[in-house]
Amino acid sequence: MVNLDFFPSKRIALYMAKLFVLRSLAVLAALVVVLQTLDLLGESGKILRVAGNGDAQLWQYVALRIPQLVARFLPFSVLLGTLITLATLNQNSEVVSMKAAGISAHQIIAPLMLASLLIAALSFVFQETVVTRATAQLSAWQAVDYGPIPRESGTSNNVWVRHQDDLIFARVVSGRGAGTRLRGVTVYDRSGGTLETVIEARAARPSANGWQLEGATVFDVSTTTERSAANLIVGRGVDPTQFTLANVDPDEQDVAQLRDSIEQMEAAGRPTGPLKAGLWHKFSGPLSAVLMPLLAAVAAFGLARSGQLFLRAVIGMALGFAYFVADNFALAMGNFGAYPPLLAAWAPFVLFLLIGETVLVRTEE
């Protein structure tokens, strides 16, 4: 008689969930240690190049970078943890014993999917409370080449704004409205597509007639001469929102902040498709951990002595990595405007949910 309960016995469910969670966390820890070490080797030279930086700044970089690595590679860790858990159970004939007891394939992977759902919930909370802040702070630090971190609220980095033929670049934008401040400003003054002058300034603030530059120097392209300019005003007609909304990064804002940015951009008549895709992906991204046990479940079944266990593990890994490729592709298409935001964020999840369920049913049920 077939067991119709969704889960196997409580003892089996806890046993499998414990194996799965411990192996996934072990894989995640190993990945983060290796990747953080390699990343620090590449960035340590840039950090220590700044006068006054030392071991404290290296550890500060590690503290800001680790949350990004954890969030990015958690789904990979769940995939590999599932493969290791199921392949081990299959190798030890534990899966055969469970199936002989009338436990179906869906019941075998159900504890893993429930555990991965809890992992997805924790991942979402972690991203909203830790990763977004760490990403924003690290981006601001990298924008000033690992110098003193800007402490202003609402900071954006490397913002370009086009005003008629001219291009205005600001390395750091902080504040809102009349309190908007630009730092590291470069203005490319063009006429008919021809560059005439390049203006560089230490900072800029909005004024009645445009943007008041501080510490400005003007380089004349035609005469190749440079001069200092006091009280120079540029960008007449450029609204502060063009800077504050020009470089909104969904990875640097939580759901509430991102919704507010989208509303502001819509009110300003600016496109919001990529931001909406990023907003939806804040939910579908962590939830991808739930897919991994289903996609890797093929490694649990089949006789280990048949010689196909390795092949099944490879198939499970291929399905998992195919999902990540499809997810990145769909998100890129959403950023280009080729896919609607909802489709870009959720289509890969739904597609591979159906693929994983089809593979499991056709091969085991």
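**Close-up views of a predicted model**

**View 1. The largest cavity has a volume of about 40 Å³.** In this predicted model, local features need pLDDT of at least 70 and side-chain atom pairs count only at pLDDT 80 or more, whereas totals for chains, interfaces and linings use all residues. A search of the whole structure finds 1 cavity of 30 Å³ or more (a set of points on a 1 Å grid over the protein atoms alone where a 1.4 Å probe fits but cannot get out; lining residues have an atom within 4 Å of a point). Leu294, Leu295, Ala297, Val298, Leu319, Gly356, Val359 and Leu360 line the largest cavity. Two or more lining residues come from each of α7 (273-296) and α9 (341-364), and α9 gives the most, with 3 residues. Helices are DSSP runs (H or I, at least four residues) numbered from the N terminus.

**View 2. Val34, Leu38 and Leu41 form a nonpolar surface patch.** Together these residues have about 320 Å² of accessible area (Shrake-Rupley method, 1.4 Å probe). Leu41 belongs to helix α1 (residues 10-48) and is exposed, at 64% relative accessibility.

**View 3. Gln253 lies in the loop between α5 (241-244) and α6 (255-267).** Gln253 counts as buried because its relative accessible area is 13% (buried, under 20%; exposed, over 50%; partly exposed in between; 1.4 Å probe, protein chains only). The C-alpha atoms of Gln253 and Met98 are separated by 46 Å, the two residues being 155 residues apart along the chain.

Residues are numbered from 1 along each chain as its sequence is written, and side-chain values use heavy atoms, with hydrogens and water left out.

Note on methods: Patch = residues over 30% accessible without salt bridge, like charges linked within 9 Å, V, L, I, M, F, W, Y side chains within 5 Å. Salt bridge = Lys/Arg side-chain N within 4 Å of Asp/Glu carboxyl O. 1 Å grid on protein atoms, 1.4 Å probe; cavity = no way out; pocket = protein on both sides within 12 Å on 5 of 7 lines; lining within 4 Å. Points joined across faces, edges and corners; volume = space filled by probe spheres on them.
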